[in-house]
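Here are a few friendly notes to read beside the structure. Take them one at a time, and find each residue as you go.

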Amino acid sequence: MEGSDLPLTSRSELIEFEGISMVHFFTDNWENIQNFQARPDDILITTYPKAGTTWVSYILDLLYFGNAAPERQTSQPIYIRVPFLEATLPDIPSGVELADKLPTTPRLIKTHLPVQLVPKSFWEQNCRVIYVARNAKDNAVSFFHFDRMNLTAPDPQDWNTYLQRFKDGKTVFGPWYDHVCGYWEKKQTYSNIHYMFFEDMVEDTGREVERLCSFLGLSTPTEERERITKGVHFDTMKLNKMTNYSTVPAMDFKVSPFMRKGKVGDWKNHFTVAQNEQFDEHYKQKMKNTTLQFRTEL
Ligand code: PPS
């Protein structure tokens with residue numbers, strides 16, 4: 001097992017790495033990550049943290065393997081079925097090791113790396129890439145609560161401090177702004193990206209499952225798509241030990257659950273009026289050169 005064996009006695013420090021903020025858990029295995037050998041049928045699920053990775057990973061796992069290998073769903077947590085490529089976390093083999101040993105075809109692989117740091121073999125092999133984006137305000141709130149409960153993360157401190165850090169791009173995996181825009185721009189030159197939005201998933205999960213099938217070239221029957229859509233509902237995933245991350249010792253569910261709210265617009269319960277005005281102003285500047293648009297409420 002290559003997993004990090006450092007004891008979790010204190011919170012990790014934010015480090016500057018390849019131009020972004022990181023923690024060592026995602027850089028320790030860097031050479032093996034960068035040299036990862038993708039296969040043409042690999043599917044890369046990529047997101048900024050807390051944008052809906054687990055949701056989309058579970059949908060894909062059910063679409064491909066729900067019928068062929070139903071025992072996978074009840075015996076292996078989602079983070080084993082869909083390895084987190086750059087992770088070298090306590091108590092779990094490294095993402096590279098898990099991905100290398102995946103017995104499935106296709107292999108479903110998760111990453112939070114910004115587009116410029118994705119191992120080049122994924123592009124060379126013309127792999128299908130699924131990017132999920134979530135509006136900045138809800139994304140920041142979700143990330144804040146996650147960093148509170150995730151003992152491998154740097155201490156988020158109070159909400160106001162955290163929000164400033166988010167705006168400054170001093171969160172793990174770097175600025176949200178560059179992340180969502182980077183993949184959006186990549187779509188111009190690399191057509192094998194399906195760019196999706198968390199808000200669309202909440203609005204109509206069935207429609208998004210259908211769009212995914214169309215991108216992946218799957219002719220999943222309507223009935224099965226409907227069954228999958230029901231099976232990936234927030235309440236169902238929250239109760240499911242294989243998708244709710246309750247098996248990860250480094251997460252303190254007494255502080256906050258992994259499956260927290262799953263809503264669009266929860267930011268309104270966190271942002272003060274002043275924080276919201278300042279955020280909007282800053283956002284306008286950061287996003288002035290992109291055509292990318294988000295919904296912050298439904
Ligand atoms: S991680 O740690 O980056 O992999 O987290 P990620 O899975 O990307 O994001 C977690 C947030 O997604 C919400 N989620 C869902 N919302 C609605 N429906 C379903 N099925 C669902 N599954 C996961 C999860 O609750 C986190 O968002 P918040 O806002 O914190 O609840």
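1. The count comes to one cavity of 30 Å³ or more. On a 1 Å grid over the protein atoms alone, a cavity is a set of points where a 1.4 Å probe fits but cannot get out. The volume of the largest cavity is about 40 Å³, taken as the space filled by probe spheres set on the points, which are joined across faces, edges and corners.

2. This is a predicted model, where local features need pLDDT of at least 70, side-chain atom pairs count only at pLDDT 80 or more, and totals for chains, interfaces and linings use all residues. Residues are numbered from 1 along each chain as its sequence is written, and side-chain values use heavy atoms, with hydrogens and water left out.

3. Look next at the lining of the largest cavity (residues with an atom within 4 Å of a point): among them are Thr53, Ser57, Ile78 and Lys110. Helix 2 gives the largest share, three residues; helices are DSSP runs (H or I, at least four residues), numbered from the N terminus.

4. Now turn to the ligand, which 22 residues surround, Thr53, Thr54, Ser142, Lys261 and Gly262 being the closest; a residue counts if one of its heavy atoms lies within 4 Å. Helix 2 gives the most to this shell, with three residues.

5. Ligand oxygen atoms lie 2.9 Å from a polar backbone atom of Lys50, 3.1 Å from an N or O atom in the side chain of His112, and 2.9 Å from a polar side-chain atom of Arg134.

Terms used:
1 Å grid on protein atoms, 1.4 Å probe; cavity = no way out; pocket = protein on both sides within 12 Å on 5 of 7 lines; lining within 4 Å. Helix = DSSP H or I, 4+ residues; strand = E, 2+ residues; numbered from the N terminus. Polar contact = N/O pair within 3.5 Å; in protein donor to acceptor, adjacent residues only side chain to side chain.
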